[in-house]
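I begin by placing the structure on the page.

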Amino acid sequence: MKRLIRPEFLYSNETFIKEYAVLVEDDYIMETGPADEMNRKYPDAVEDIWENLILVPGTVNIHNHCFQSLLRGLACDRPFLEWRDKALYAYSNKFTRDHIYQGAVFAFSEMMRHGVTTVCDFFYLHHFGVESDELIIQAAKDVGIRLVIARTMYDWTGAPKGYVETVADAVANTRTIAKRYNGKDDMVKIIPAPHSLHAASPAMIQAGHQLAKELGTGFHIHIAEEKFQVEDAKKKFNGKTHLEILDSLGVVDETLTIVHGVWLKDTEVELLGERGGSLAYCPSSNMFLADGITDLPAMLKNHVTIGLGSDGACSNNRNSVFEEMRMAALLQKANTCDAMCVNYKDVFRMGTENGGKILGIPVGKIEKGYKADFVGITAEDLSMQPISESLEQLLPNIVYSMQPSAIRKVMVNGTLTVNYGKNLTIPEEDVIKEVKRVMKELKEGSTGPSAG
Ligand SMILES: [Zn+2]
């Protein structure tokens with residue numbers, strides 16, 4: 001079916017155009033052009049008027065842990081390891097199948113309401129093998145969001161048992177679920193994700209990299225998040241720092257996306273850029289956990305592709321990429337005392353098309369051949385005013401002043417999922433009801449089968 005979506009303003013090539021329309025056929029963008037001309041050219045297309053709305057690409061959340069939404073508010077204002085133990089480690093093994101599913105519904109519903117149309121979930125509750133992955137895939141389908149699972153490969157046995165797999169099992173399970181979805185389902189993609197240098201052995205990291213090559217995907221890994229992690233690794237790996245260790249394992253190339261990258265030397269950033277690697281930048285989470293500040297200007301200078309992530313909702317504690325655009329820009333300006341070190345166009349690109357580029361899927365741009373993933377924003381919201389005739393304030397307002405109340409419509413894969421600011425798939429009140437029930441069970445100590 002052909003549809004002609006007619007917003008008031010359309011975002012294209014970093015500017016806004018008035019009275020432009022997008023032709024969508026099923027789930028793809030076919031063409032954009034002046035609305036009247038498009039109407040004449042495609043008389044059979046069904047007209048879909050997004051009245052008074054500004055059409056922008058859906059945002060891409062490049063790093064999240066969906067189950068952590070249920071742990072929000074449980075361990076705030078604590079050092080990293082205390083936060084980890086009181087939130088993640090205290091609850092992870094208690095998650096039943098139902099809790100995993102409901103946690104994902106909760107996380108995905110909230111972020112979609114805030115304009116996320118694609119999420120990459122770095123997922124490691126493996127108690128139920130690939131069935132765990134299927135549960136969050138089902139949740140994404142029920143919510144209507146596009147999902148990339150960075151399926152975590154984790155063999156450090158000091159963590160909750162549910163996270164841990166042998167190298168052979170991690171490879172087999174990741175391959176199984178990837179073959180089930182990659183290239184067969186446009187709404188789901190699986191990529192390997194060795195957890196980190198502290199939670200994945202060198203053999204696991206190399207296996208993840210090799211599997212990425214086999215599957216034709218990238219791979220994600222947490223790198224240099226906390227300063228102490230770099231010091232610990234130096235002791236274990238002959239004085240080498242994180243990216244140097246990855247390089248010695250032969251895995252630094254264009255398939256690599258590092259998450260965080262806070263504590264890197266200049267030479268490591270240069271290496272990442274030279275080899276065509278990417279960064280998943282999570283500014284709010286880095287602030288929340290007192291990690292430190294990633295050197296974004298150095299990343300930009302070295303042509304590292306940067307996407308934005310909310311990280312888990314118990315280390316942020318919000319779940320919005322528009323929020324991360326604002327945080328990325330403000331934090332970097334404060335850190336460098338340079339108001340021009342990064343601008344609103346840079347961070348908007350990071351939260352949209354760069355995310356699509358890193359994940360290897362055609363999302364994040366309103367252009368022919370891209371997926372019909374859109375956010376409709378109203379300018380008739382106090383947080384979006386004023387706008388001038390020349391429209392030059394639209395993008396800075398979206399990045400710096402917009403509140404979620406201005407997000408009125410969301411479309412994912414050609415299907416309207418949010419209208420008048422309300423989720424159309426699973427109503428917010430139903431999600432809240434389930435969150436309350438699940439939290440009661442988790443607090444009362446109902447345990448999953450592999451607890452221990
Ligand atoms: Zn993470």
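In which sense, left-handed or right-handed, does α12 pass α13 in its crossing? I looked this up in a model that is predicted, and I noted that the crossing of α12 with α13 is right-handed.

Entry on α12 and α13. I located helix α12 at residues 321–336 and helix α13 at residues 344–351. Their axes come within 9 Å and cross at roughly 140°. That angle makes α12 oblique to α13, because only angles over 145 degrees count as roughly antiparallel. I then listed the residues that meet. From α12 I recorded Val 321, Glu 324, Met 325, Ala 328 and Ala 329; from α13 I recorded Tyr 344, Val 347, Phe 348, Met 350 and Gly 351. Sorted by class, this contact of α12 with α13 holds eight nonpolar residues, one polar and one charged.

Entry on α5 and α6. I next turned to helix α5, residues 167–181, and helix α6, residues 202–215. I found that their axes come within 10 Å and cross at roughly 20°. The two helices are therefore roughly parallel, as angles under 35 degrees are counted so. I noted a right-handed crossing for α5 and α6.

Which residues of α5 meet α6? I wrote down Val 167, Ala 170, Val 171, Thr 174, Arg 175 and Ala 178. Their partners in α6 are Ala 203, Met 204, Ala 207, Leu 211 and Leu 215.

How values were computed: Residues are numbered from 1 along each chain as its sequence is written. This is a predicted model: local features need pLDDT of at least 70, side-chain atom pairs count only at pLDDT 80 or more; totals for chains, interfaces and linings use all residues. Axes are lines fitted to C-alpha atoms, for helices over the stretch in contact, and angles run from 0 to 180 degrees between N-to-C directions. Helices (H or I, at least four residues) and strands (E, at least two) are DSSP runs, numbered from the N terminus. Angles under 35 degrees count as roughly parallel, over 145 as roughly antiparallel, 65 to 115 as roughly perpendicular and the rest as oblique. A crossing is left-handed if the near helix is turned anticlockwise from the far one by less than a right angle, and right-handed if clockwise. Two residues are in contact if their C-beta atoms, placed from the backbone, lie within 7 Å. Ala, Val, Leu, Ile, Met, Phe, Trp, Tyr, Cys and Pro count as nonpolar, Asp, Glu, Lys and Arg as charged, and the others, Gly among them, as polar.
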